[in-house]
Amino acid sequence: MTKTAETQHDVHELIKKRWSARSFSDKPISKESLDTLIEAASWAASSMNEQPWKYIYAHRGTEAFDRMAACLMDGNKVWAKEGAVMLLSLAKKHFERNGQLNHHHMHDTGAANTSLLLQAAHHDIFGHMMGGFHMQETLQEFNINPEEWDPACFIVLGYLDDPSRLEEPFKSRETGKRARKPIDAIAEEHKH
Ligand SMILES: Cc1cc2nc3c(=O)[nH]c(=O)nc-3n(C[C@H](O)[C@H](O)[C@H](O)COP(=O)(O)O)c2cc1C
């Protein structure tokens with residue numbers, strides 16, 4: 001199943017192809033593929049080229065993967081535990097060069113996540129970012145100092161499977177239409 005975006009304009013195929021899937025097959029993601037996605041993430045732009053992002057990941061079938069899935073809220077855990085790879089996306093709060101607060105750390109980490117997911121779509125790997133996780137459990141599991149790092153989101157990755165294997169309400173969400181605000185609602189020309 002694909003959920004290619006229906007666009008008004010000539011948007012690039014890769015952007016139309018990426019979507020947040022929930023039904024994942026058993027097929028594992030190779031180290032080469034995963035490294036490629038992470039390298040794509042690393043090429044995102046960032047304030048002062050700080051590259052404030054960091055990923056911690058685990059492959060399905062490992063205890064580490066199960067421990068990561070356990071940090072998710074129930075509504076995510078039920079389908080995300082079938083993914084091939086789970087990542088935690090972290091954003092470093094201070095610049096390495098001078099210790100100053102980096103106000104752009106979450107912005108830039110989000111940009112890296114998008115690069116990762118676009119590269120993934122190119123390989124027919126689909127991902128789902130999840131903000132629905134238990135913060136305290138996550139900080140504890142990964143031994144994160146919240147003064148230094150903000151957990152941005154979890155990302156589950158995998159090859160697609162038949163959505164009919166999902167339980168409701170996830171099956172309907174998986175097969176539902178994708179929609180966006182019209183561009184008039186998100187952009188306006190600045191006029192004096
Ligand atoms: C930071 C962030 C957090 C999200 N958290 C969740 C989540 O916890 N559970 C979920 O099912 N989807 C989550 N999503 C996915 C969004 O719901 C999804 O991107 C949006 O509905 C647009 O759909 P699309 O990605 O398929 O285009 C999250 C997305 C982002 C960027």
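Let me start with a question: leaving aside its neighbours within four places in sequence, which residues is leucine 72 in contact with? They are Lys77, Ala80, Met130, Gly132, Phe133 and Phe154, where contact means C-beta atoms, placed from the backbone, within 7 Å.

Before I go on, a word on what we have here. This is a predicted model, in which local features need pLDDT of at least 70, side-chain atom pairs count only at pLDDT 80 or more, and totals for chains, interfaces and linings use all residues. Residues are numbered from 1 along each chain as its sequence is written.

Now, the sheet. It is an open sheet of four strands in the order E1-E2-E4-E3, with antiparallel pairing. Strands here are DSSP runs of at least two residues, and helices (H or I) are runs of at least four, numbered from the N terminus; two strands pair if DSSP finds at least two bridges between them. At the edges sit strand E1 (53-59) and E3, each pairing on one side only. From one strand to the next, the twist averages 25°. Helix H5 packs on this sheet and touches E1, E2, E3 and E4, its direction making about 10° with that of E4; for such angles, axes are lines fitted to C-alpha atoms, for helices over the stretch in contact, and the range is 0 to 180 degrees between N-to-C directions.

Let's look at E4 itself. With E2 it pairs over eight bridges, and alanine 91 stands opposite aspartate 150. With E3, E4 pairs over five bridges; there, histidine 128 has valine 156 as its bridge partner, and methionine 130 has phenylalanine 154. Seven of the 10 residues of E4 are buried, so E4 is largely enclosed by the rest of the structure. Buried means 20 or more other C-beta atoms within 10 Å of a residue's own, with C-beta atoms placed from the backbone.

That brings us to the largest nonpolar core, which has 35 residues. Such a core is a set of buried Ala, Val, Leu, Ile, Met, Phe, Trp, Tyr and Cys residues joined through C-beta atoms within 7 Å. Our Leu72 is among those with the most contacts inside it, and so are Phe154 and Val156. E2 gives the most to this core, with six residues.

Finally, the ligand. Its surroundings include Trp19, Asn76, His128, Met130, Gly132 and Arg178. Strand E3 (residues 126-130) gives the most to this shell, with three residues. Thanks, everyone!

Methods: Near = placed C-beta within 6 Å. Buried ≥ 20, exposed ≤ 12 C-beta atoms within 10 Å, placed from the backbone. Contact = placed C-beta atoms within 7 Å.
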